[in-house]
Amino acid sequence: MQLNIWQLLFGFALVGSLVLGLMQRGEWVYLWDFPFFFALTGLLGCLFLSWVAKGLVSPLLDRREDYYDETEKDPDWSTESPAAASPATPNGKEG
Amino acid sequence: MLQSIPPGLILILGAILIPLVPARARGWVFLLFPALAVAVIAGLEHGEHLGWSFATYQLELLRVDGLSLVFGWVFALATLVAGIYALHNRDTGQQVAALLYAGSTLGATFAGDLFTLIFFWEIMAFASAYLVWARGTKEAYGSAMRYLFVHLFGGSLLLGGALWHIAETGSIAFDAFEGGIAAWLILGGFAVNAAVIPFHAWIADAYPRATVTGTIFMSALTTKLAVYTLARGFAGWDILIWAGCLMAVYGVIYAILCNDIRRVLSYHIVSQLGFMVAAIGIGSTLAIQGAVALAITNILYKGLLFMAAGAVIYSTGESRMSQLGGLYRQLPAVFWIYVVAGLAIASAPFLAGFISKPITIYAAEYAGLLGVVLLLHLVSVGTFLSVGLKVPYFVWFGGEPKKPIKPARVPTNMYVAMWLAVGLNVLLGVWPEPLYNMLPGGAPDYDPYTVASLTKGFQLLLFTALVFFAITSYLKPKQKIQLDTDWFYRTSAQLAWRTTVVPVERFFKWWEDFSWDTTRKIARRGFDPVTWTRTILGRPGPEVGAPGETASTTLRVSMTVMMVFLLATAAGIMLIMVL
């Protein structure tokens, strides 16, 4: 697998943050004094929240965009945005 | 001689004067008023006050203390930055509404009594609703109306509570409340503006529909003023701890789901307000300082997030992530600005969020609320996931837009305002002392930059990012909206129609059809009894008098019919006599 420079830096930072955690020798009073607690929170918390949102809440509460009988399907930004007032056409000419 | 002038009145004066200024200069003149307000606030000193006798009451138009001063500062500064962001906008209505809105917010901030507070509170609701309305679309009109009604409901609770409180205690002073029905009503009024669940849906309904520039004012003012009033009136009320925790989790889960960029940010406001409300509920000096510091820094980075999102919408004319993508080539500067704000809100080290949010968590730890601490850490993960990673990835990278987009140039004044806010975020991140020294009760007993806190911050962000990049396709935004508590009032009109009008209408329609039908049948029989009888007798034939029908057959049939009638009549008479 070919890694680019950003991925390498990201990997080093991950390892570095764990090493930093190990280097601090303090008393373990609370759960969060465990050296890798925040790495684990990030890891598991992110998975957990994604699952709750996408797996549990989304099937229950997702609706079509025009559910409330409003024209939100294609919101009209023409009063706000010059791009919406003159939308680009596929051949690049302004409409 | 600028002292003892309520700074809010300067902005309200501006709202009156600004329509007289020619369109070309209006944006610049707009900036004069918040700048003047900043100057006035810089000259205010603790303990300063301005009273005014009105009827039999002594109103307090200006009350300067640690709490009101720090909020006054940030409201005035935010108005100035938002004014720069809106410099290209020449809509007089929006400029007047924005000044009136910011002025009444400052008026409410420095209000020392309940009447003055309510007076400005109501003006805020109308002025800010105009900023939604000014979008000029059908949805924006609906949103603005709902926004106004929700806030008028909150305002009525506040007014009712205040009148009750004054009748009970005889005092109109706005200070900490003790309890009782009056205090609960006032709490309800504040809770509507603080987006406490279930009164939070207006925020995700109205903010994404407001004008690009109007939302910047809205994100800075209404909810943060509510945090201020809660901190003054209800510090240490236990119920706020749990209300805050619920808000923090609820908001962040919706933020992970939403498709519209500004709706993600709006739900995330609910989540951030949760931290502040929980800290106010804890009520210790440190917790209140944490809530205030978080509110102040939140105005800076949330405003910046809305500004960057607004720049994308202005430039592309699209607000939904499912329709956007790959914008990095066209809008790289806006991307980097957004990333700074996204990292700041996720409390990355050396940015404004790092010096404020951990104080609230630390205060919860100090108060022994370990469950709350764990929950807030979890929400911090969701913050970075939804606002810091998902939005920038799916807007600036993550595939191509659905329809070809030709981005318009983002006005220079928007960039100036955004870079100013970036500067403030970095400045406060590396040099928190000016903010800490302004907090009520002096600088907090908290050191943001320790090796341990840096390690925590880096671990949390890096590992959240690791998981995000592993599951990006799972988190891809869908072209959907999510139901929320606004469902109840948005569908209640329809529901009332369906339960009361529709069944009645349906019954009468049935009855009408039935009676018409019956009448028609009877009429048809009466019109031609001969054919009818023949059908009953099972001897259908051509109609009486039809061509081909001879006189003798007609006579025969008529005779038969007559016989049948006579027999039936006789049988009827006999039956009646027997009975």
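This is a predicted model: local features need pLDDT of at least 70, side-chain atom pairs count only at pLDDT 80 or more; totals for chains, interfaces and linings use all residues.
I started with A:Asp62, which sits opposite B:Gln482 in β3(B). β3(B) covers 481-482, and I found two bridges joining it, antiparallel, to strand β1 (residues 62-63) of chain A. For the record, strands pair if DSSP finds at least two bridges between them; helices (H or I, at least four residues) and strands (E, at least two) are DSSP runs numbered from the N terminus.

Residues are numbered from 1 along each chain as its sequence is written, and chains are lettered from A and ligands numbered from 1 in the order in which they are written.

Next I looked up the whole A-B contact (C-beta atoms, placed from the backbone, within 7 Å): 52 residues come from chain B and 44 from chain A. On the chain B side, α18(B) has the largest share, 13 residues. I sorted that side into 29 nonpolar, 15 polar and eight charged residues. Here Ala, Val, Leu, Ile, Met, Phe, Trp, Tyr, Cys and Pro are nonpolar, Asp, Glu, Lys and Arg charged, and the others, Gly among them, polar.

Then I went inside chain B, where the assignment (automatic or from a database) gives domain 1 (1-233), domain 2 (235-483) and domain 3 (504-578). The C-alpha centres of domains 1 and 2 of chain B lie 23 Å apart.

Definitions and conventions
Two residues are in contact if their C-beta atoms, placed from the backbone, lie within 7 Å.
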